[in-house]
Amino acid sequence: MAPKFNLLAIMITIFVFLQLQKHVYCSEFEVGERKGWVVPPANNTEMHNQWASKLRFKVGDTIRFKYKKDSVMEVSKENYKECNSNRPNFFSNTGNTMYTLDRSGFFYFISGATGHCEKGQRMIVWVMAQDASHRTSLASNNCAFFSFGLFLIIFAFQFVYFQG
């Protein structure tokens, strides 16, 4: 029984380590924090851009949009400037949208609800470029890598523990 207990302790340690690594490499940001993805007050139309400008986004991070009776669209820079929702690159109206930042550069988000973008419900997110030493497919998929590691640990545990 002692070898199985030692194996279990090692596997739990590795599991905790991988979970901590996941949080180091992949961050989730909630747009607007407690307020969510809402039409800003008339005296604070830059609310969402101010929120985004205070944060450091990197490839692989996710942003969560929480909203009611609204939508979120990722659009081109030109469509952002004009609040044009006719040709979005991405659209969601689920009320709880997760968007993965899959490249460096600028992302432009607007509300698809009529008149909301014009009232300031839009946001620019800047994702920092990775330096040359980190430009690998693994760097942009850290979340998936650590999730896969967790899967391997659980699989190995089941195989070893339940074989005896």
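Start by selecting Phe57, Ile63, Phe65, Phe109, Met123 and Val125: of the 18 residues in the largest nonpolar core, these touch the most other members. A nonpolar core here is a set of buried Ala, Val, Leu, Ile, Met, Phe, Trp, Tyr and Cys residues joined through side-chain atoms within 4.5 Å, where buried means under 20% relative accessible area with a 1.4 Å probe, protein chains only.

Now colour helix 2 (47–53), strand 2 (62–66), strand 6 (105–110) and strand 7 (122–127), the elements that give two or more residues to this core. Strand 7 supplies the largest share, three residues. Helices (H or I, at least four residues) and strands (E, at least two) are DSSP runs, numbered from the N terminus.

A word on ground rules: this is a predicted model, local features need pLDDT of at least 70, side-chain atom pairs count only at pLDDT 80 or more, and totals for chains, interfaces and linings use all residues. Residues are numbered from 1 along each chain as its sequence is written, and side-chain values use heavy atoms, with hydrogens and water left out.

Next, centre on Ile63. Leaving aside residues up to four places away in sequence, Ile63 touches Phe29, Val31, Phe57, Thr97, Met98, Tyr99, Leu101, Phe109, Met123 and Val125 (contact: heavy atoms within 4.5 Å). Another core, of seven residues, lies apart from the one you began with; Met73, Tyr80, Ile110 and Cys117 are among its members.

Last stop: the open sheet, four strands in the order 4-3-6-7 with antiparallel pairing (two strands pair if DSSP finds at least two bridges between them). Its edge strands are strand 4 (90–92) and strand 7. Zoom in on strand 3 (residues 72–75), which pairs with strand 4 over three bridges; there, Met73 has Phe91 of strand 4 as its bridge partner.

Definitions and conventions
Buried means under 20% relative accessible area, exposed over 50%, partly exposed in between (1.4 Å probe, protein chains only).
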